[in-house]
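Here's a quick briefing to read alongside the model. Have the viewer open and follow the topics in order.

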Amino acid sequence: MVIKILNALIAIIGGIGGAMIIFWILNKLAESLKGKWEDRVKPWMFAGPAILAIGVYLIYPAIVTIQYSFANDQTTAYVGVQNYVDLLTDSTFLQALFNNVLWIIIVPAATVVLGLGVAVLADRLNPGGEKFSKTLIFLPMAISMVGASVIWKTTVFDYQPAGTPQTGLWNAILGLFDKGPLSWLQTDTLHLNSLLLMLILVWSQVGYAMVLLSAAIKGVPEDTVEAGRIDGAGERRIFFSIIVPQIWGTIVTVFITVLIGVMKVFDIVYVLTNGQFNTDVIGRRFYDELFTFRNNGYASTIVVILLVAVIPVLVYQVRHFRAEEAAR
């Protein structure tokens, strides 16, 4: 344990110290230039290491992954688009893709709506109540997805055979009404088990949405709200016609941030069902292909499909950010 702590300290000190030394040297080199060259070169001196890191750790791996998606399982020969054909005609992969679509449709919208509702209600409390309620709702953000999954499994979804004491909350409630226990995570009728998995992610992300949306609501000029009240608008009309339009940029940002996280969902499904009972998603399928079946071609193809799906969202986010900056 002591050695691990020392290694961690050395890594932190070495990383921070190394970065400081590099930027100090680059700054001195830029200052040694004469005339306008110092101003021309200095920005690139500081941005250069970051650009290099993005190229080495992001762009290069992305290019190699695209290349591998056209190769066989051992990456020893190219197979054209066969990996794409195999996956897009595989019913299990299409089911995983459909489940991802459900996650994308439900989770970001539910998170934003609940976060907005909590932000509005919490802001109406006294200062002490507001701080307490926001702290309580934000707490799940500090828990890892694996930890959150275990908490929900053991305290809420847990199932014991009929006739034995039920330790899960929901089955204990069913027992009060003389109803039999239900294996919640194995019930895929109307995708019930997938919806329950989504509930965990919504629970963990509502605090994040609440914090940003609450800050945005507090930034709405009070005189615009008062003007609405003077004109006779009710609280609902004020909220939807005055407050929401002014915080729309924050709503979109929160929605897209949660959406990108949802597209990469893996750990909740892996921990609770491992993709069984019709709950699989492409993030978990990627793990299976790469680490269980050792199929580099399929794994790379799944990553490329996910990358292509994320690109439009990123483009929209960048364009939305630029539009907001231009409007200021």
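**A lysine and its partners**

A polar contact of 3.1 Å links the side chains of Lys-134 and Asp-123. Keep in mind that this is a predicted model.

- Lys-134 also has a side-chain polar contact with Ser-214, this one at 2.4 Å.
- You'll find Lys-134 in helix H5, which covers residues 127-138.
- Lys-134 counts as buried because its relative accessible area is 16%, under the 20% cut-off.
- Setting aside neighbours within four places in sequence, the residues in contact with Lys-134 are Ala-122, Asp-123, Met-210, Ser-214 and Lys-218.
- Asp-267 is another story: Lys-134 and Asp-267 sit 133 residues apart in sequence and 26 Å apart in space, C-alpha to C-alpha.

**Annotated spans**

- An unreviewed UniProt entry gives "transmembrane region" for residues 6-26, 46-70, 101-122, 134-152, 195-217, 238-263 and 297-318.
- Residues 6-26 are 100% helix and 0% strand in the model, with 29 Å between the end C-alpha atoms.
- Residues 101-122 also come out as 100% helix and 0% strand, and here the end C-alpha atoms are 32 Å apart.
- The unreviewed UniProt entry also lists "domain: ABC transmembrane type-1" for residues 97-315.
- In the model, residues 97-315 are 74% helix and 0% strand, and the end C-alpha atoms of that span lie 22 Å apart.

**Helix H11**

- Helix H11 runs over residues 248-263, 16 residues in total. From first C-alpha to last, H11 reaches 22 Å, close to the 22 Å expected at 1.5 Å a residue.
- What does the buried part of H11 pack against? The buried residues of H11 meet helix H4 (91-123), helix H8 (192-218), helix H10 (235-246) and helix H14 (296-327).
- The buried residues of H11 are Gly-249, Ile-251, Val-252, Val-254, Ile-256, Val-258, Leu-259, Ile-260, Val-262 and Met-263.

- Asp-178 isn't a glycine, yet its phi is positive, at about 60 degrees.
- Asp-178 belongs to the loop between helix H7 (169-176) and H8.
- Is Asp-178 buried or exposed? Asp-178 is exposed, with a relative accessible area of 74%.
- Asn-274 is another non-glycine residue with positive phi, near 55 degrees.
- The loop holding Asn-274 runs between helix H12 (267-272) and helix H13 (282-292).
- Asn-274 is partly exposed, at a relative accessible area of 35%.

Technical notes. Residues are numbered from 1 along each chain as its sequence is written. This is a predicted model: local features need pLDDT of at least 70, side-chain atom pairs count only at pLDDT 80 or more; totals for chains, interfaces and linings use all residues. Side-chain values use heavy atoms; hydrogens and water are left out. UniProt positions are given in the numbering used here, feature names are shortened, and annotations may be inferred rather than shown by experiment. Helices (H or I, at least four residues) and strands (E, at least two) are DSSP runs, numbered from the N terminus. The expected span of a helix is 1.5 Å times one less than its number of residues. Buried means under 20% relative accessible area, exposed over 50%, partly exposed in between (1.4 Å probe, protein chains only). Contact means heavy atoms within 4.5 Å. A polar contact is a pair of N or O atoms within 3.5 Å; within protein, one must be able to donate a hydrogen and the other to accept it, and residues adjacent in sequence count only if both atoms are side-chain atoms.
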